[in-house]
Each structure stands twice: as structure tokens, then as C-alpha cells.
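Here are some notes for a first look. Please read them with the structure open beside you.

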Amino acid sequence: MGRMHQPGLGIFPVWLGKSRIMNTNTSSVNVPQAAYGWQRILLATAFIYPVWLLMVGTFDPAELSIGLIIAVLTAWLSKPHLHILDAIKWHPAIALYVLVYVGVFLWALLRSNLDVAARVLSPRLPINPAIVEVETHLRSDLGKLLLANCITLTPGTLTVDVFADRLQIHWIDSTPGRDMTHATASIAAQFEYYLSKFIK
Amino acid sequence: MQIIGASLILLGTSFLFLGALGLFRMPDVYNRIQAGTKATTLGSLSVLLGIAVYYPLWWPKLLLIALFILLTSPIASSTLARAAYKTGLRPYRAALDKGEG
């Protein structure tokens with residue numbers, strides 16, 4: 001564990017380590033400097049291994065060990081893409097933030113379905129569609145991906161394209177206003193707030 | 001338990017049906033994608049949840065399927081919408097799109 005405490009090993013959760021005082025300058029919200037490849041692989045393995053466990057559904061030692069090997073191998077093979085993981089803001093309460101985000105997201109998904117159902121069933125077909133632009137403060141690709149996904153699955157909005165810090169969105173009912181301020185406030189702001197707790 | 005599972009599956013299939021209805025009723029490609037994505041996502045999730053109530057031992061695989069649907073379905077829709085936009089298809093009744101107030 002000792003070597004992890006050098007400054008600049010950004011993505012590894014420093015709060016897992018022994019000393020927190022030494023690492024105040026590299027902790028949680030800082031921009032990670034050159035993260036080490038093996039740390040990314042470790043992190044990716046931590047994401048992939050549970051998938052394997054869910055898939056086999058047993059705790060048979062043979063399955064567990066084969067799964068671990070495969071998870072590490074998969075992580076290693078996807079090494080060129082693993083830099084997206086650097087976008088995660090490590091924080092002791094990260095699990096809580098993720099849970100809150102998932103809750104908000106599922107609630108929005110439910111509302112979105114009722115919303116679409118109501119529109120589809122209504123004889124007048126009450127829609128007022130337009131393509132609007134929304135501004136985002138999330139800088140990382142992973143953050144923008146999650147935000148775009150979230151927007152697509154929420155009431156009346158569909159991500160069409162992503163530019164540097166703009167998302168182009170098809171809005172089924174653009175009554176609140178088609179300019180960027182109104183669109184950002186009513187489409188993206190809420191999710192962005194919850195996402196920005198754990199993603200850059 | 002059976003009744004809960006059955007109602008969840010029924011709810012899911014109703015959402016799927018509404019999604020299909022949306023494909024018919026909506027006026028252009030973007031609105032159709034919207035109706036399609038949302039309804040099918042929650043519809044599938046609800047069906048999966050219903051199955052999980054019927055067969056509690058299947059939950060790990062069902063959870064995995066749900067995660068994959070949640071991650072891939074919006075991406076697929078966005079990609080379709082993006083392709084439509086890039087080919088120059090303008091949304092229905094929207095002569096004043098592109099960030100006009």
C-alpha cells in the first residue's frame with residue numbers, strides 16, 4: 001500500500017489507504033495527475049468482477065477464481081479506454097451520492113413514462129417539439145455520457161448530439177422557452193447537480 | 001406474490017403497448033424515438049421486475065439485463081436521433097429551432 005501514497009496517483013481512492021493526512025493534497029475532488037495504468041485496471045476489475053458474479057450466480061470457488069482471472073484480463077484488454085474512469089470524484093460518501101442519483105433517475109424515468117403515455121393517449125396529441133441547446137458544466141466524457149443518458153430517459157427530452165459543453169436536445173414540449181437558459185434550467189440542471197457530486 | 005408479479009408484467013406490457021402506439025401517433029422521427037425509448041425502457045424493467053417476483057432466484061441475471069437495458073437503450077436512441085439530425089431532418093413544426101428564443 002505504501003507506494004500509493006505518493007502524490008499524483010489521482011484515481012485511486014486515497015481514503016482506502018492508511019494515512020489521510022499525508023494525502024490531503026491529492027484527495028477526492030482534485031484533478032488526477034497521470035494515473036497509473038494498473039490502478040485503472042484494478043478499478044475496472046472492481047466494476048467487471050461483480051458483473052461476472054451476477055452472471056454465474058454462485059460462490060463456487062472455481063467460478064470465483066476463473067471470474068477473477070477473466071475480469072482482470074478484460075480490464076487489461078480495455079486499457080486504452082480506461083482513462084474515462086479518471087472522471088470519478090473519489091469521496092467517502094460516493095456510494096451515497098450514486099444511490100441518490102439512481103433514485104432521482106428512476107423517479108424521473110417513471111414520470112417520463114407516465115408523461116409519454118398521457119401524451120400518446122390524449123386525442124389532441126399535445127406536443128410542441130423543438131431542438132434546443134443545453135449547457136453543461138460536466139467536463140469529462142463519462143459525465144456527459146451519463147447526463148445525456150439521463151436526459152434521454154426523462155420526461156420529453158432526447159439527446160441528439162453532444163458538443164464541447166453543449167448538449168443538443170429534442171424537447172417534446174418546449175413551452176417553458178427555447179433559449180438555453182430556460183432549457184438548461186428545466187432539462188439538465190437537476191441531474192447535473194446530482195451527477196457533479198461524483199463525476200467531473 | 002403471483003398476483004404482484006403478474007400485475008408488474010401486465011404494467012410492463014401496457015407500457016410497451018403505449019410505446020408502440022406512440023410510434024404510430026407521433027408526427028416525426030424524433031418524437032417517435034422519444035415514445036419508443038421511454039416506454040420500452042420502463043416496460044422492460046417492469047416485466048423483468050415481475051419475473052423477479054415470480055422466480056426470486058433469477059434476480060442476479062435479471063438485474064444484469066436491467067442494467068444493460070438502462071445503459072444501452074438511451075445510447076441507441078441518441079445515436080438514431082443524431083443520425084437523423086445529421087442527415088438534415090428537421091423536427092416537426094420547428095422552423096425556429098437551433099437555440100432561438
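Predicted model: local features only at pLDDT ≥ 70, side-chain atom pairs only at ≥ 80, totals over all residues.

1. Chain A holds 5 helices and 3 strands. Read from the N terminus, the order is α-α-α-β-α-β-β-α.

2. Chain A has 200 residues, and 46% of them are buried. Its accessible surface is about 10,100 Å². Carbon and sulfur atoms supply 69% of that surface. Among contacts in chain A with a separation of 6 or more, 68% join residues 24 or more positions apart.

3. Look at Asn149(A) in helix H4, residues 141–152 of chain A. Asn149(A) has a relative accessible area of 7%, so it is buried. Beyond its neighbours within four places in sequence, Asn149(A) is in contact with Leu70(B), Leu71(B), Pro74(B) and Ile75(B). A polar atom of the Asn149(A) side chain lies 3.4 Å from the backbone oxygen of Leu71(B).

4. Over all chains, the structure has 3 aromatic pairs. One of them is Tyr101(A) with Phe105(A): the ring centres are 6.2 Å apart and the planes meet at 25°, so the pair is stacked. Both residues sit in helix H3 (residues 94–121) of chain A, 4 residues apart, or about one turn of the helix. Tyr101(A) is buried at 9% relative accessible area, and Phe105(A) is buried at 10%.

5. Tyr54(B) and Tyr55(B) form a tilted aromatic pair, with 6.3 Å centre to centre and 35° between the planes. Tyr54(B) is partly exposed at 30% relative accessibility. Tyr55(B), at 43%, is partly exposed. Ring pairs link Tyr54(B), Tyr55(B) and Trp58(B) into a cluster.

Notes: Residues numbered from 1 in each chain as written. Chains lettered and ligands numbered in written order. Heavy atoms only, no water. Helix = DSSP H or I, 4+ residues; strand = E, 2+ residues; numbered from the N terminus. Buried < 20%, exposed > 50% of the residue type's maximum accessible area, 1.4 Å probe, protein only. Contact = heavy atoms within 4.5 Å. Areas by Shrake-Rupley, 256 points an atom, 1.4 Å probe, with all protein chains shown as cover. Polar contact = N/O pair within 3.5 Å; in protein donor to acceptor, adjacent residues only side chain to side chain. Phe/Tyr/Trp six-rings, centres within 6.5 Å; stacked < 30°, edge-to-face > 60°.
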